[in-house]
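Please review the structure shown below.

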Amino acid sequence: MESPEFKDTKLHGKTLSKKTQKVLTYFFLILFAIVALLPFYYLIITAMKDLNEASTQSTMWPHSFALWDNIKFVVTYQDYNVVRMFANTMFIFVLKTLGTVLTCSMAAYAFAMYKFPGKKVIFFVMLSTMMIPGELLGIPIYEFFVNTGLKEVAYIPLWIASWFATDVFIIFLFRQFFMTVPKALIEAARVDGYGEVRIFFKIVLPLNKPVIATVILLYFIGTYNDLYGPALYISEKAQWVMANSISIFENLFNVGGSSSFVVPWNYVSVASLIALIPVIILFSFMQKQFLQSVTGVGIKG
Amino acid sequence: MKRTFLLVAAILTFTAPLLASCTDTSNVLKIALDAEDEGRYDELFAYFTAQTGYPIAATYGQDISKLIGTKDEPDIIKTRTVAVTSMKESLIDLTPYIDAETTMNVDQYIDSIMDALTIDGKVYALPTSINTSLLYYNKDLFDASATELRAGLGLGETDSVYPQADWSYADFQTAGVILSKYTLDGTTPVYTQFGAEAQLNWWGEWLVYVNQMGGSFYEPGTDNHVCAVTSPEAIAATEFFVEKSMGDVNHKFAPNAIESASSFGFMSGNVAMVLGGHMGDWYSYDALGLNWDIAMLPTPVGRPDAQGGEISADAFGISVRSHKAEQAFSFLKLWAGTEGASEMYKYGKVGALKSMETLIASLPENETKDISISVVFRAVEKAVTLPNEKDFSKVVREMAMSELYKLMYTGRGSESDVTLVLTRIKTNVDKYYSDLYGA
Amino acid sequence: MEDAEVVVKRPKLTKAQRTKQLKRNYQTNYKFFLIFGGIAIVGFFLFYFYPIIRTFILSLTDKTIYSDSANYVALENYMYAITKDAMFAKSIKQTMIFAIISGISVLVTSLLLAILLNSKVKFIGVFRTIYFLPFIIPSFAVGAVYKNLFNPTTGLINNIISLFGVTDLPLWYISPYSALRTMILISSFGFGVKMLVFLAAIQGIPEQYYEVAELEGASKVSQFFKITLPLISPMLFFNVILITIDGLRSFSLAFVMGNGNGWPSNSTLLFPIYMFMTAFNAPFRLGYAAAMAWLFFLIILALTGLQFLLSKFYVQKDIT
């Protein structure tokens, strides 16, 4: 969809020239870009400071320059096996995404396409349970996994829920999108003798690639940054995930039981920056699809 | 057919682990340690296994409450003197095992620690490493101000400028003020260095003053249910604590709340002393390359024998659900005994044995630290354990420290009347307990 | 599609006829609803219903993490939380303030930014990526970064403000008075996803509408209120729900900024933090934490219901 072109338009009764509009737009774009980049700026300069300066001072420009030493320390740190952690994270990510795409799309299809007594109530209840603090739900579920001995098998606790359509947000997203599929198409398929299930897999689902792209992007970032899930279930170093790659440096000096240990922010920043590279790459590629995914959603309520 | 199959499967799923745990006849002893302990005690474990034939399976970095809460706990559980009151229902009474022992008894540990671990006459855990309040100081900063310190404290040319065991609050303050450097921006002093830190996030400093002045947090004889912070002793202690950060340039030697949040800190190298502190920070201080040492806590003027300073310890007990209590105890003897203490000292942990001081003295040169380690043992003699009250840390954090914080800065929402704030704290704490237990 | 003017009168059905119709419905609709939606319903029971019920049962006891047995205390926990626990009341108050204000500010910010990012200028794609960046920083690193930025004496924000000659610099997260506000401000940076949702929604509006409005001489502002807003209202509602949930469940930011205990002076004590403290700090009152969580859930339920009701007023379902 094209955005409105710049013409001489009225704003609050005053007329603004094409040029002024452009200048204003660029001005605000750059202003907010700076604001959005501030955290990154800070991350980068902290990675350049040495241990003392990074952990004990809040300078805005590095007084010491230890970037190379910091990188060397992080990369050669004994437990920092970033490739393995990345692979582990990818394993979880793929299983989670696959599970969600399959089961949530099916669930959304049910809510969008078929009638059922009390459908609205069911949806409302499901939506509201999503708002319960996850920490509390986690305890009984954790107990269950311990009792069945599945706690540390192939990261099962971390992705099994996604195979049961438990992400109501994604169901919501799929549902909105399904409501835009022209009914005529489905009717035609029915007339041609296609069973409902076949219609779903062969026709409807492929049309919804943008939503799938959204799920991929959101889950990638979510799984990538998830520290608490793995912390609960994983104990072996070989099973560590990307979030661990940063937290091991956060707790580098947490050895005496005191709560005031020093945090080596320089190492943490380097580890964070290394971890961010794949995410940025992914986002630059998927940006277009993600935007497309929601385009259809706003048209029909 | 299908239904019965599902039913059987469900029953098996839920009972199998139950059966498994009860029929675990192997001799493996499970212990849960902290993440940083990984790899440190393998030799000790091997030694124990060689002696007794029981293998040790250790997990690292797992939160013990999570393990216990989901009935996945190890045989040997780590606890602390502060937490043992809350955790005692998960631990067995060790007294029968200790009594049956001929090679050890509870007297070999520091008395105050054992008191904290003994509830209703039952011993729930054996201590392995202690923490006590100390006066930490930065030698480099003291050296840099040596001349002024000699003048201010009336020291001779050959006397040490460092904190001494007989320091009073007055000495502490004098040295602190000297070590606080500032420049004048008009009439407002802008500090670049401070004499001491102000501990605002937990009770590690304020409570020390209260105890040393002769006060206490709870009223004695009220089963720890009535607050005593409005006593004259507590008020005096709090005033000292507040004036340290908020006084005029002749009395101020610690950062206030705002200055604490910026780059002032012992670890930043621009604050000369820490009163209280935590022995777990030793590792951080070394990592940052600070030239530090420890001294006895200063005492209030006229009260050189004042008791104060906190003492707490890590301790290990045995789970109520362990099927191998006897085997576990044999490990506990070793772990909390001289063998374990020697190993742990290599990693900066000071054991709770009365013989610890001699043990350290007998270590070869390269294993000792470059600090006045004997100070720890002198300080322990004057230290006080925390009240044996399970809501203590909650009450102090939520109701006391949060209110005291408002005295430690100027700006919107700040307070300046010490007595008023302490009265408010007492009212809130008393109300909390009367609501909880009935009046 | 609008309802036909003429209302078709439904003939009264006999029991036999009704059963027949039910069977027909089942064949065409209900059956497939269950086939496709069945797994979601199973998932709901397994991963939500079961833990919720267990938690509810837990809330009726006085169980602590370390106790083997627990006593049944009925609704005592609930009564205590409502009538006597000052910290619970405080945490609910702080959470409501936080959720509502930061919710509104995130909504407004992401909408304005979406409009901005809709501009047809060069390198707009680059800008879009930049604006999405704060979203991908791991949550546990976010707090530390922002804490440093907002440090009253050495932070960049105050350094910049002082450049403008301001002398009485704000204390941000140090003062109990302004700590919550600072947290709200920081959470406003969490506009990533919502901004893109709005952007896509805005881009979904056909050109012609704006062109016609231009021809009729409408100003940009009235174009926004009469065209843009109504047409993106379904996504607006979607974002509102999303933002509310985020705001109410916010944990990481408050945990880092409040040092895990609502520092300073309980001003950043959001409910999830207080619940965490109750359950995992001495004396580990699990039963009580469960009761508090249930009360909180009821509050959330009410709030969401309210939003669904309000949505009837501003969400337009169709634009044909």
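How many salt bridges are there between chain A and chain C? The count is zero, where a salt bridge is a side-chain nitrogen of Lys or Arg within 4 Å of a carboxyl oxygen of Asp or Glu. This is a predicted model, in which local features need pLDDT of at least 70 and side-chain atom pairs count only at pLDDT 80 or more, whereas totals for chains, interfaces and linings use all residues. Residues are numbered from 1 along each chain as its sequence is written, chains are lettered from A and ligands numbered from 1 in the order in which they are written, and side-chain values use heavy atoms, with hydrogens and water left out.

**Interface of chain A and chain C**

- Chain A contributes 95 residues to the contact and chain C contributes 97 residues, contact meaning heavy atoms within 4.5 Å.
- About 9,500 Å² is buried between chain A and chain C, with carbon and sulfur atoms giving 78% of that area; buried area is the accessible area (1.4 Å probe) that two parts lose on being put together, summed over both.
- Three residue pairs are in polar contact between chain A and chain C (both at pLDDT 80 or more). A polar contact is a pair of N or O atoms within 3.5 Å; within protein, one must be able to donate a hydrogen and the other to accept it, and residues adjacent in sequence count only if both atoms are side-chain atoms.
- On the side of chain A that touches chain C, helix 1 (residues 18-48) of chain A gives the most, with 16 residues. Helices (H or I, at least four residues) and strands (E, at least two) are DSSP runs, numbered from the N terminus.
- That side of chain A has 68 nonpolar, 17 polar and 10 charged residues. Ala, Val, Leu, Ile, Met, Phe, Trp, Tyr, Cys and Pro count as nonpolar, Asp, Glu, Lys and Arg as charged, and the others, Gly among them, as polar.

**Interface of chain B and chain C**

- The contact takes in 31 residues of chain B and 30 residues of chain C.
- The area buried between chain B and chain C is about 2,800 Å², and carbon and sulfur atoms give 55% of it.
- One salt bridge is counted between chain B and chain C: Arg285(C) pairs with Asp391(B), and their closest N and O atoms are 2.8 Å apart.
- Nine residue pairs are in polar contact across the interface of chain B and chain C (both at pLDDT 80 or more).
- Helix 18 of chain B supplies the largest share of the side of chain B that touches chain C, six residues.
- By class, the side of chain B that touches chain C has 10 nonpolar, 10 polar and 11 charged residues.

**Nonpolar cores**

- In the largest nonpolar core, of 307 residues, Trp206(B), Phe217(B) and Trp282(B) touch the most other members. A nonpolar core is a set of buried Ala, Val, Leu, Ile, Met, Phe, Trp, Tyr and Cys residues joined through side-chain atoms within 4.5 Å.
- Helix 4 (residues 82-113) of chain A gives the most to this core, with 15 residues.
- Not counting residues up to four places away in sequence, the residues that Phe217(B) touches include Trp206(B), Phe392(B) and Val429(B).

**Chain B**

- Chain B has 19 helices and 12 strands.
- Ser322(B), in the loop between strand 12 (311-318) and helix 14 (325-335) of chain B, is buried, with a relative accessible area of 14%.
- The side chain of Ser322(B) reaches the backbone nitrogen of Lys324(B) at 3.1 Å.

Key. Buried means under 20% relative accessible area, exposed over 50%, partly exposed in between (1.4 Å probe, protein chains only).
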